[in-house]
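Let's walk through this protein together, one question at a time. Have the sequence and the model open beside you.

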Amino acid sequence: MKRYQFVFEVESADKVHILERDICDQRGEICAEILCDLVANWPELFEQRIGAVSFGDAPPSRSWASRFELSFCTTKMVGVPAPCLPFPCPFALRWPDIGIDSSESLMEELIAAEAPYKDERIFWIGADTHSSRRALRDLGQEHPTIFDVELMEWARDSGNTVRSKTRQVSIPEHRDYKYLIDCQGYGYSGRLKWLLASGRPVFVVDRNEVEHWHDEMKPWVHYIPVEQDLSDLLDNYKRVEESPSLYEEIWQNAREFAASRLRLEEQFQRVAEAVAQLAPPRPGAGVLPKLPKKRAAMVVARYEEDISWIDAVPDFYQVFVVNKGKPLDASIFQRQSPHIVEWPNIGRESDTYLNFMEKRWHQGYEWMVFAQGDPFPHSPAFIQLLDRIDRWADFQPLSCRWFHLPPDTLLEHDKEHWIDGLAIRKELISLHTMNMIRYHDPGSLGIMNGYMTVHGLLPGTNIAAHFFQSIGMADRAREAAFADLGSYSFGAIFAVKSSLIDSLSPEVITNTRRFAQTHPAHGYIIERMWLHLFGEPFIPTKPPQAAAAADLILSERMKLDPVWSSPADIVGDLQSSSHADSFLLFGLGEGSLFDRVKCSRKVSVDPVDTLSSELAASYEGESESLRRKPTYRMSAGDFFAQNDDGFDIIVARHPKDGDELRSILYGGLKALNRGGTLVCGEIRAEKPGLESELTGEAEIDSRWKEWIKFRAAHPELRMFVIDTAGGIGVILRNAPAGPVLPPLPDTELTWANYIRHRKEWLDLLSPLAAKRLYVSILGDAAEQDFQESALPNPDPVEKGRVASLTSGV
C-alpha cells in the first residue's frame, strides 16, 4: 500500500538525496524543503545519516520507523508516544492549495491582531471528511443562533488554489467570530495552530491523530475540550459564555502557546533537540575511517544472520559488515575486527553492494568480495575459496547452488569452473524468462512475472536488454537483445577486481542502485545480471533477424515506469520511445515534471508563478534555483491564440474545468506534431469503485463531457482514458484509430448515462492495458523500422542509431 513518505540520505549540508519515495505530492515537496532547511541549519546532526519522513494524515507503524536511523513523522496518536522523531507539518511552512504562501507571516499577523469580534457565534467551515464534521453541521442547523457552520466543496480557481464553491473564509477572517471550533478531517487538523493564535477561544473536538506539540496543551487552559460525538459541546459553550474571565484566560493562553511553541523556528528547534538526544551517527553510517590497507576487502550484507564466521576470514581481507538489521554486538568477533556500517534495509543486497561502490570505498583494494550474511547455503566452501585469490578470474563467482538446485547430478559432473576441487558454478539462463536452461527453477517464474508486470512488458521480451537499457547501458542492452542466453551464479556472492568496478561509470552505478530501490523485483534481476554488468559476454544463438531487431528497439523504448498511472509515467515512456524534441506543459505545479523532461525545447504555461522545492533537484542529483516561473503566465486559451509552434508532447496536468479542457483539446490538436501525443489529467468525474455512491447530478464536473464530444468528433484519432482516480486522457496522433464513438446529443450526456456507458464512451483502459497498447503500437513501428533499415550485425554506426532512439532516457 502506498504511503506518504520518502527516504533520504544526507551527504553534506547542501546535498540531500532522495533514495526511495511512495506518494510524494505537494506536501512531500514541502517536507523535503523543510528537511533541507534543517540540514542547512544543523549539518552536524544530519550529515552522513540516512532516514525517512512520513507526512501522511496518520503516523506510520513502529516497524516502519525502526527501519531507519532517523525516522520522522508529522503526526502522532493523541496521548501516545510517537513512533518517530517529530517533524513539522508541511503546512507550517506554507499551504499553497488554499492560498497561504507563508504560514509564518500568517502566524505573525494572527498573533498581532487586536480587532474585536463581529459575530457572537461559534464558527466552522470545511469539507465533509469526518463524522464529527457532519454532526457539527447538524447541531448548527438545530441552533443557528449559536453556530455558523458550513460543509463545503472545494473547487480550483484560475490561480490554481482551491476555494469553496459557496463562500471563501480566510483564516484571518475567522477572527470575525467570538468562538472557533476545530474538527479533525481524514487525520490531524492542519489549521489548529492558526486558530490557537487567533485571539479567540477554540473548541477542540477530540481526535485520534494530532501534531507532536498537541500533548503539550492542557484542556480548559489552552482550549475548550469537546467529545468526538459533540455531546458536551453545548454545556461547555454555556460554561465559557457565563465566565468572561475564563473566556479571556483561554484565548490568551492559547495565543501565548502559539507564539512560544508553534512558530516555525520553535518547531525546527524541537526537531534539532530530538535528533541531538540520539546517540551520534552509528559507526560508519556514511563516513569511512582510515583503515589499514590490505590486499582485498569483503562486504557482508547482514540482516539478522549469525556472522561470527567472519573470524575465519583470512587476515589479508579488510571486512566491512553492512548491518541492515538490529544493532550488532562487536564482541562476537574474537580475531577479526570488521568495520560495521549501519544502513536502512532497502534494496536487498544489491543496494548494499552498489552503495559501497557508489561511495568509492572499494578504491585502494585490489579485490572486492561481496557476500550475504550467510553465504554457506550458496557456497559451502566459501572460506576456503577466499584463500584461492590468486586463482580467480577478474570477476569470480564464489557460489555453486541454492539448497536443492542445481540437481546433484549436474553439480557433480559440471566441474568446469571449480577451483582446487572447490565447487563453483555458472548457470546458463534464458534472457527472456530468467529460468535455467538445463533444469527448472520455480523461483525464476515468479521473478520473471513480477518484473514483467511491474514494467508492463509483453511475453517474450528480452528482460536483460530491458534491464541494461533502464540503467543507461545502451551498448550492453544491444548485445543482450541479439542474444538469448546469459550466465548467472547463485546468491550474489562473488569477487571482482576494483579496476573492473572503476570501469563502470558513476552514472551507471547510481542508476543501478536507484533501480534496485524502486521495486523488490529489481533486486532479483540485478542478482541474475551481475556477471554481465561486469562484462561477461552474452551467448548469441542465432543471427539478428527482424524479430530480434524489433525486440531490441522495444527494449530500448521501455522506461522504468511499470504502468501508465500518472502523466509523469506517460511522459517518461514517450521520451524514451520516440524522437520527441519539444514539450508543452499546462500547469507547472511544483516543477518536477517539467524538470524531468529532456526535450531541447520546453514550454510551460500557467496563470500563476510557482515555487519549487529542492526535492525536484535532489531527484536528479542536480542543483538549481528554487524560484520557478512558467514560460508564459497566461491561460491555455490565451496561449493558443498567439502560438504558432508545434509540439511532440503536450500535457495538461489538471484542467480546471470543461472550458479549459475544450481549449486544450482543440488548440492542442492544431499544435500537435505528426506522431505526437496529448495527455490530459482529471478527465473522469468519479473515483474508481464508487459507482454506488454516484447517484446525483448536482454540480457534476463537465470535463468528461468535453472529452466525449471531442472523441466523437475526431474518429481518426486514437483516444482513450486510463482508469486512475482522476482519469488520464491520452490522444496518440497518427496511431491506428480505435473504437469509433458516434456523435451523442447533449440530451444523452446525462450523469446516469455516463455511469452506465463510461467504459465505451471514454474507451476506458487499465494502466497496464494502456501501457501494453502503446507497446503494441511501438511493436508495429519497430518492425517497420527494421524493414526500412535492415539492421545488420552491431557496429559503431548502428550503435549511434540506437543512441538516437534512446535520447532522453
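The questions below go from the whole chain to its sheets, helices, cores and a few single residues.

Q: What kind of model is this, and how are residues numbered?
A: Residues are numbered from 1 along each chain as its sequence is written, side-chain values use heavy atoms, and hydrogens and water are left out. Local features need pLDDT of at least 70, side-chain atom pairs count only at pLDDT 80 or more, and totals for chains, interfaces and linings use all residues, since the model is predicted.

Q: How many helices and strands does the protein have?
A: Helices (H or I, at least four residues) and strands (E, at least two) are DSSP runs, numbered from the N terminus. On that count, the protein has 28 helices and 31 strands.

Q: What share of the 809 residues is buried?
A: Buried means under 20% relative accessible area, exposed over 50%, and partly exposed in between (1.4 Å probe, protein chains only). Of the 809 residues in the protein, the buried share is 57%.

Q: Among contacts between residues at least 6 apart in sequence, what share joins residues at least 24 apart?
A: Contact here means heavy atoms within 4.5 Å. Among the contacts between residues at least 6 apart, the share that joins residues at least 24 apart is 67%.

Q: Are the residues of strand β30 (residues 728-732) buried or exposed?
A: Ile728, Val730 and Leu732 point one way from β30, while Gly729 and Ile731 point the other way. β30 pairs antiparallel with β28 (residues 672-680) over four bridges, and five bridges join it, also antiparallel, to β29 (residues 718-722). Five of the five residues fall in one class, so the strand is largely enclosed by the rest of the structure: they are buried.

Q: Which residue of β30 stands opposite Met719?
A: Strand β29, at residues 718-722, is joined to β30 by five bridges. In that antiparallel pair, the residue opposite Met719 is Ile731.

Q: What is the average twist from one strand to the next in the six-strand sheet?
A: This open sheet has the order β17-β16-β15-β18-β22-β19, with mixed pairing. Within it, β18 and β22 (residues 494-497) pair in the antiparallel sense over four bridges. Helix α10 (residues 348-358) lies across β15, β16, β18 and β22. From one strand to the next, the twist averages 20 degrees.

Q: Why do the buried residues of α4 lie on the same side of that helix?
A: In α4 (residues 103-112), the buried residues are Ser103, Leu106, Met107, Leu110 and Ile111. They share a side because the arc they cover around the axis, taken from the directions from the helix axis to the C-beta atoms, is only 130 degrees.

Q: Which residues touch the most other members of the largest nonpolar core?
A: A nonpolar core is a set of buried Ala, Val, Leu, Ile, Met, Phe, Trp, Tyr and Cys residues joined through side-chain atoms within 4.5 Å. Helix α18 (residues 520-533) gives the most to this core, with six residues. Of its 68 residues, those touching the most other members are Trp530 and Phe534.

Q: Is Ser379 buried or exposed?
A: Ser379 is found in the loop between β18 (367-372) and α11 (382-386). Not counting residues up to four places away in sequence, Ser379 touches Leu385, Leu398 and Ser399. Its relative accessibility is 1%, so Ser379 counts as buried.

Q: How does Glu706 count, buried or exposed?
A: Glu706 lies in helix α25. Leaving aside neighbours within four places in sequence, Glu706 is in contact with Gly658, Leu661, Arg662 and Leu665. With a relative accessible area of 12%, Glu706 is buried.

Definitions and conventions:
Pairing = 2+ DSSP bridges. Axes fitted to C-alpha atoms, helices over the stretch in contact; angles between N-to-C directions.
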